[in-house]
Amino acid sequence: MWRPRGVTETQKNMGNAMRGAIAFLPSERCQHFLVGDLKEMPLDRTQDLSHRQLRRLPIAACVFDELVKLYLSKNNLSSLPAELQCLRKLQLLALDFNCFEELPAAVCKLPQLTILYLGNNRLYRLPKELKDLKELNTLWLETNCFTVFPKVVCELPNLKTLHIGYNQIKSIPKELGQLEELRSIWLAGNQLTEFPPVLLEMHLLYIIDVDRNKIRYFPGLSHLEGLKLVIYDHNPCINAPVVGEGVRRVGRWADCLDEDLEDDESNTVNETLVVKVDPEETDNV
């Protein structure tokens with residue numbers, strides 16, 4: 001029976017296994033097999049070396065000084081060559097799904113970088129040199145090993161989008177308020193026990209995501225005139241945030257009217273207080 005030619009799943013798996021084995025070999029010939037031909041500048045000024053099982057980035061990938069986008073996602077990288085800083089026009093760098101424990105110094109020397117993906121690594125801190133990325137407007141740090149919010153992020157004057165969800169962060173510093181351009185902040189999956197007070201002062205935020213934390217009480221957010229979406233689901237909260245007209249809520253009681261929420265909040269707080277009263281004290285009243 002005739003079958004159409006093509007790559008079977010078994011062949012794909014064999015190819016991936018071969019790449020994985022070759023990735024351990026440092027010779028230039030082996031690296032060429034993994035990354036292909038890097039002799040010519042891509043016409044779209046974009047280089048995609050994702051899914052190559054790379055353990056080091058060949059210096060040949062750093063010679064195209066007109067490169068604008070470089071994708072290195074889903075490899076086994078834990079360091080980058082100093083030559084990366086030669087990519088002076090690079091605007092997007094994707095390093096997500098790798099093995100970085102520290103951000104390579106060369107990344108902080110890319111003056112035109114605007115988008116940096118660092119999610120799904122092993123980062124637990126960021127270098128102070130990150131503040132030199134003055135043009136950075138999008139930073140993804142989700143699913144790393146941060147236990148403390150990296151304050152150097154608060155020194156990125158043009159930052160508009162910050163995703164730092166799924167870490168182990170317990171509080172957000174007041175210095176975040178310095179980011180006057182910030183419009184969306186994603187804090188899901190951390191260890192926040194209260195709604196970050198600094199966010200109450202950031203009137204131009206469009207999106208606030210505090211899903212999957214440990215927040216029990218939400219203050220009113222109706223004064224945040226720029227707010228469009230607040231995600232607060234999967235928190236042990238006793239109320240929902242009251243928001244302005246046209247703001248979408250995702251979480252418990254999200255479909256209720258604000259008046260109902262206020263009544264429900266008042267009743268819930270009173271019930272909570274009753275539960276906490278010591279029975280012996282009640283007898284003395």
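**Close-up views: rings, charges and cysteines**

The count of aromatic pairs comes to three, where rings of Phe, Tyr and Trp (its six-membered ring) pair if their centres lie within 6.5 Å. This is a predicted model: local features need pLDDT of at least 70, side-chain atom pairs count only at pLDDT 80 or more, and totals for chains, interfaces and linings use all residues. Residues are numbered from 1 along each chain as its sequence is written, and side-chain values use heavy atoms, with hydrogens and water left out.

**View A. Phe218 and Tyr232 form an edge-to-face pair.** Their ring centres are 5.5 Å apart and their planes stand at 65°, so the pair is edge-to-face (planes over 60 degrees apart; under 30 is stacked, the rest tilted). Phe218 sits in the loop between strands E8 (207–209) and E9 (229–231), and Tyr232 in the loop between E9 and strand E10 (248–250). Strands are DSSP runs (E, at least two residues), numbered from the N terminus. Phe218 is buried at 1% relative accessibility, and Tyr232 is buried at 0%. Buried means under 20% relative accessible area, exposed over 50%, partly exposed in between (1.4 Å probe, protein chains only).

**View B. Lys74 lies over the face of Phe97.** The distance to the ring centre is 5.2 Å. A charge sits over a ring if NZ of Lys or CZ of Arg is within 6 Å of the ring centre and within 35 degrees of the ring normal.

View C. A disulfide needs two cysteine sulfur atoms within 2.5 Å. The structure holds zero disulfides. Cys62 is buried at 4%, whereas Cys86 is partly exposed at 41%.

Key. Helices (H or I, at least four residues) and strands (E, at least two) are DSSP runs, numbered from the N terminus.
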